[in-house]
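Dear colleague,

I am passing on the structure we spoke about, together with notes on what came out of going through it. Please look at the model first and then read on.

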Amino acid sequence: MTTPSDPIAYLRRLKAAGNHNDVVQMIRDRDTAIAEWGSVFSRPDRLTEEEFAAFLLFEHNRHWWGLQRRTEILTRWFDSVRSMIVDLLDEARRIEARIDSLGEPREFDHEVWSPILLVTHPETYGVWNSISESAMRRLGLWPDEAEGTSTGVTYRHVNETLLLVSDDVRTDLWTLDALWWAVEKEHDPTRHFVARRKVAPTRTTRTATPRARTATKPRPSGEDTFVCQSCWTTKPVRLGSDTAGICIDCA
């Protein structure tokens, strides 16, 4: 698929078309997820290890796959992580200063902390991760000012761009982040489907009793996930269709 000449019009069309059911579901889950996790992270000094581990699961954050792979090390360093979250959410300081002062573990990076910023301040901070960066570069929206700067300054420039794009697309930052996933799926499906299959976790953190229908899914990749037999993507069971082994995006 060629790069659209007008990326803003393209993003508007993606939003209106609703061609990707998993993206549509992410958008539908916006208010519930923001209300739940915004409340949890609004008291970062009282955040528990269990709450944080739950947030790393797509089944609970309803938006970001892959964060659960960091659960072991981030929970091992949880006291440090919680302290960094407290500092990250201190609105009395400039955002770049907060980010650049973050310490160990390094796995607490922009893939993790930018979603936390979004759910706590959904009108102020967007998400910078591998999907959003790839989509922004693909559409020519990555800010030149972000090159060669510190992580904090990079995020500030990226976030300024996200705010401008969301205004132009006439949408919110949560929805825009879902649209980046749609962009990547349309432009490079092989990379995102096959690569995800190779790195799919063989086990996920158990937080609740698996749904009964999990047992009917062939080739399970974890207690709460299955491999879609059409697109070969590891999906949460909540994105399964009525057809066993097929996700809602392929049904």
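Arg 94 has a relative accessibility of 56% and therefore counts as exposed, the cut-off being over 50%. This arginine is found in the loop that joins α7 to α8 (95-100), and its side chain makes a polar contact with the side chain of Glu 96 at 2.7 Å. Across the sequence, Arg 94 and Arg 156 are separated by 62 residues, while their C-alpha atoms are 9.4 Å apart in space.

Please keep in mind that this is a predicted model, with a mean pLDDT of 83 for the protein chain and 80% of its residues at 70 or more. Confidence is highest in α9, at 98, and lowest in strand β1 (residues 220-222), where the mean is 41. Over residues 192-222 the pLDDT stays under 50, although the model has 64 contacts beyond four places in sequence for that stretch. Where pLDDT is low, the predicted coordinates should not be read in detail.

As for the overall picture, the secondary structure of the protein chain comes to 13 helices and 3 strands, and of its 251 residues 53% count as buried. Among contacts with a separation of 6 or more, 62% are accounted for by residues 24 or more positions apart.

The largest nonpolar core has 62 residues, of which Leu 11, Phe 41, Phe 52, Phe 108 and Trp 180 touch the most other members. Helix α12 (residues 173-187) gives the most to this core, with 9 residues. Leaving aside residues up to four places away in sequence, Phe 108 touches Leu 74, Val 81, Met 84, Ile 85, Leu 102, Trp 113 and Ile 116.

Phe 41, one of those core residues, is also among the buried residues of α3, which include Ala 33, Ile 34, Trp 37, Gly 38 and Val 40. Seen down the axis of α3, the buried residues fall within an arc of 155 degrees, so they line one face of the helix. The face turned away from that buried side carries Asp 31 and Ala 35, both of them exposed. The buried residues of α3 are covered by elements including α4 (49-55), α5 (58-61), α7 (78-88), α9 (110-120) and α12. The helix itself, residues 30-41, reaches 16 Å from its first C-alpha to its last, close to the 16 Å expected.

Asn 61 lies in helix α5 and, with a relative accessibility of 1%, counts as buried. Its side chain reaches the backbone nitrogen of His 63 at 2.8 Å. Beyond four places in sequence, Asn 61 touches Ala 33, Trp 37, Phe 55, Leu 56, Leu 67 and Trp 174, and Ala 33 and Trp 37 are buried residues of α3.

Finally, helix α11 (residues 151-169) has 19 residues that should span 27 Å at 1.5 Å a residue, and its end C-alpha atoms are 26 Å apart, which agrees. Its buried residues include Gly 152, Tyr 155, His 157, Asn 159, Leu 162 and Val 169, and what covers the buried residues of α11 includes α1 (7-17), α8, α9, α10 (130-138) and α12. Just after α11, Arg 170 takes a positive phi of about 65 degrees.

With best wishes

Notes: Residues numbered from 1 in each chain as written. Heavy atoms only, no water. Core = buried A, V, L, I, M, F, W, Y, C linked by side-chain atoms within 4.5 Å. Buried < 20%, exposed > 50% of the residue type's maximum accessible area, 1.4 Å probe, protein only. Helix = DSSP H or I, 4+ residues; strand = E, 2+ residues; numbered from the N terminus. Contact = heavy atoms within 4.5 Å. Expected span 1.5 Å × (residues − 1). Arc of directions from axis to C-beta. Polar contact = N/O pair within 3.5 Å; in protein donor to acceptor, adjacent residues only side chain to side chain. pLDDT = per-residue confidence, 0-100.
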